[in-house]
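This report looks at strand packing and ring contacts. Keep the structure open while reading.

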Amino acid sequence: MLVTINGKKSDVIPDSNIQDVIRTKNLEMTAIIIDLNGNIIAPEHWSDTFLHKDDDLEIIQIIGGG
Amino acid sequence: MEDKLKIGDKELDSRLFIGTGKFADYSLIPKVIESSKAQVVTVALRRVDFGTPEENMLTFLSQNIVLMPNTSGARNASEAIRIARIARAAGCGNWVKIEIINDQKYLLPNNFETIKAIEVLAKDGFIVLPYMSPDLTAAKMMAEAGAAAIMPLGAPIGTNRGLKTRELIQILISEINLPIIVDAGIGRPSEAAEAIEMGAAAVLVNTAIATADDPVLMAEAFGQAVDAGRKAYLAGPGATHQFAEASSPLTGFLRNE
Amino acid sequence: MTFNDEAERFQNLNLTNMMERFTPFQIDQILAKSEIQWQEFLGLLSPAATGLLENMAQAAHKLTIEHFGRTILLYTPLYLSNYCVNQCAYCGFNQANDIPRRKLTLHEVELEAQAISITGLQHLLILTGESRQHSPVSYIADCVSILRKYFSSISIEVYPLSTEEYADLISAGVDGLTIYQEVYDQQIYQRLHPAGPKRNYSYRLTSPERAGDAGIRTINIGALLGLNDWRYEVFFTGIHAAYLQNKFPDIEVGVSFPRMRPQFGDFEPEYRVSDSDLVQSIAALRLFLPRIGITISTRENAFLRDNLLKLGVTKMSAGSSTAIGGHTDAIDSIGQFEISDRRTVKEMRETISKAGYKPILKDWHDLNAGRIDETTSVT
C-alpha cells in the first residue's frame, strides 16, 4: 500500500498503524511529532491510528535553529 | 530599577535571544544559555531524516526557557502557518518566529507572505515575532496584523556582518510602537551593544556564538554586551558636538533687536 | 481617534512648568541628538534654549539643506471674498467691522489669475472669509476651475469643510489645504471668537484630518502668534504637525508662523513675539520635524525674511495683497492684514538667488486629475 512519508512515496504493509511505521524506522518515540494529512496525532493515538492508501504522513523532529 | 522586556504574556530580564542552529554539539547549548543568561531560544522543525536521525533538541532545554520555534523552511504564508501549528501542538508553547524565505541566494525574508502569516497566527492565539527586511511600511502592516514584536535583520542571515541596516532599524525603533529585535547579521558583542544602545529591545544571535572558537565564552560576552548596551540606552548618552564654533553666525542679525 | 484626543492629552500637562525646568546643559544634550521626541521639542522652546539660539540655528540650517537643498518655494495669496459671519477679534474681515464687502466675479478671478501668472508664480493660495451665503463651496469650486488653467497648484484657506466638501474641491482641482487653528488654547480661542460658526474649536482642529481623508496632497497649519504664549502655541502646532505626518504618511505637511500684524480695527496682540522668539520657534520645529515645510509670509519685513531664509524656511509668499482684487488694483479695498514685505515677485526671486538659494515657482504638476495642459497636445 503506497502512502507518502515525509514527501516520499513509501510502501507500507496494509493495516499498519503509526506506531508500526515508527518502529520500522527505528525512531526514538519521545523525540518526534506526527502529522497525518495535516492533523497532529498525539502519541497516545499512534497505536490506534491506521494508515490508508495515499495518506500523507509527516514525521517531524525539533532540532537546533536560529 | 526594574527594566523588563514585555512581549506577549512574558516579562523577560534578558535582552539576548539565542538561536540553537549550527552548534557542533547540542550539549553546548545548556552551557551557552547559562553563560549568556538568555531566556528565549529559537528552535526549528524538520522532517526526520531516516538515515541520520538527530537527538531530541528539547531534552537539552530546561523548563523555564521560552521556546520560540521558527518556521524556517517555509516558502510562503501557508507553509509557515502549518509549521507554527505543528510546533504548538508538539508542546513548544505559543511563541513563533515567522521566517519565510524564498530567496535562496541571499536568504532574505519575504515581507509580504510574512504579513499574511501574522494575520492568521495572531488571530489563532500565537505570540508572533516576524523576522523581516527592515521596511517601515511592512513593519506597520505587521504591527497592524498583530505582531508582538518586529525582528528586522541587521545584515543577511549568517553573514556576521553587523548592523548594516542601522539607519532603517533606527526608523523602525522611532516609528513602531512594538519591541524591535535585531535578528540576523550581528557578528560581535560590540554590534549587539550598539543595537541595544540605539534602542532595540533585544537581539537574536546564533551564528556568532555557535561558530566562535569558544561558544560558551562568546555567549557570556554577548550577554554582557547586551546588558551594557541597555544600561547606556537607559542612561542617555552625553552630547557629541557637531556645531563647535560657527564661522558665520546665523542669528547675528537679532543683536539690534 | 482624532487630534482632539491627542491635544487633550497634552492640554492636561503643565507645559509651562515642564519648560521652566530645562537647563542649558539639557538643551546642549538635546542638540546632540539625531532625532528628538516631543519632550525634547518642548525643551527647545523653553527659556533655557534661548541662550543656545545660535547653535539651534546652525543645526536647523544644516538639517534644512540636508532635506530641501537650497530652495525656497514661492506662492502668492489670492483673496476671493471678504464676506464673513465670524467675529474674530484680531481679523480685518470681522463681521462687526464696517468695511466694504465684496467678492470677485468669475471674470475678475480670471483677470487676477492672468495678472499673477505673468509673474511666473505657479503656486496659488486662495482665501475667503466664512460665508456660506456669499462664498459657498460651489463658488470656490467655480473659481478653482478657472484658476487651474493658470496654476499648477491651488491651495485653499477657507472656513472648515466636511470631508465630502473637501473631496468636491479636490476633484475641482485643489491640491492643498491651509488652515490655522489661530490659537490652540481653548479658553483664549473661545474668547477671541465670540460669534459665528468658528466658535466650534474641535471642528476647526480636525479640519486637516477631514481634508486628509478626502485625499488632499498638502496640509499647512499654524497658530497666529501673539494671541497666547508663543512657546505653548508653537509646541501644539508642532505636535499637531507630527500627528498629521504620522496619520497621513503620503501627505506633505507644512507649518506657517504668522505673527500678528496691524489690521483694520483696534486689536492689539496681547503677547509679544520678538524676532528672536520667531527664530527659536522655527529652529525648534525644524529640529523636531526635519522634513516639515515651513512658511514665512509677507507679514514679516524684508530684512527679517532675508535673514530667516537660512534658518529652516522652505516656502515664502511673494507679491502679496490681502485685499479683494489686490493683484489687478482694479478696486481699492481694505485688506485682511497689512503687508510688510512689499517686494515684487521679480525682486524676491533676485533676492533669493543672491543669497545662494534657488527660487522655485513650480514643484508639482498633477497628471492624474485629467486636466489638459496647454503645453501638451492631446491626440
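How many residues of strand β3 (residues 153-157) of chain C are buried? The model is predicted. In it, five of the five residues in β3(C) are buried, so the strand counts as mostly covered, given that buried means under 20% relative accessible area. The cover is on both faces of β3(C). One side carries C:Ser153, C:Ser155 and C:Glu157, and the other carries C:Ile154 and C:Ile156.

**Strand neighbours**

β3(C) pairs with strand β2 (residues 123-128) of chain C through five bridges. The two strands run parallel. Within this pairing, C:Leu125 has C:Ser155 as its bridge partner in β3(C). Strand β4 (residues 176-178) of chain C also pairs with β3(C), again in the parallel sense, over two bridges. There, C:Ser155 stands opposite C:Gly176 of β4(C).

Over all chains, the whole structure holds 14 aromatic pairs. In one of them, the ring centres of C:Phe10 and C:Phe235 lie 5.6 Å apart with planes at 70°, so the pair is edge-to-face. C:Phe10 belongs to helix α1 (residues 3-11) of chain C, and C:Phe235 to helix α13 (residues 230-247) of chain C. The contact therefore ties together parts that are 225 residues apart in sequence. C:Phe235 also pairs with C:Phe236: the planes stand at 85° and the centres are 5.8 Å apart, so this is edge-to-face as well.

| Residue | Relative accessible area | State |
|---|---|---|
| C:Phe10 | 2% | buried |
| C:Phe235 | 0% | buried |
| C:Phe236 | 0% | buried |

**Charges over rings**

Which ring does C:Arg217 sit over? Its charged end is placed over C:Trp364, 3.5 Å from the ring centre. C:Arg210 lies over the face of C:Tyr203, and here the distance to the ring centre is 3.7 Å.

Definitions and conventions
Residues are numbered from 1 along each chain as its sequence is written. Chains are lettered from A and ligands numbered from 1 in the order in which they are written. This is a predicted model: local features need pLDDT of at least 70, side-chain atom pairs count only at pLDDT 80 or more; totals for chains, interfaces and linings use all residues. Side-chain values use heavy atoms; hydrogens and water are left out. Rings of Phe, Tyr and Trp (its six-membered ring) pair if their centres lie within 6.5 Å; planes under 30 degrees apart count as stacked, over 60 as edge-to-face and the rest as tilted. Helices (H or I, at least four residues) and strands (E, at least two) are DSSP runs, numbered from the N terminus. Buried means under 20% relative accessible area, exposed over 50%, partly exposed in between (1.4 Å probe, protein chains only). A charge sits over a ring if NZ of Lys or CZ of Arg is within 6 Å of the ring centre and within 35 degrees of the ring normal. Two strands pair if DSSP finds at least two bridges between them.
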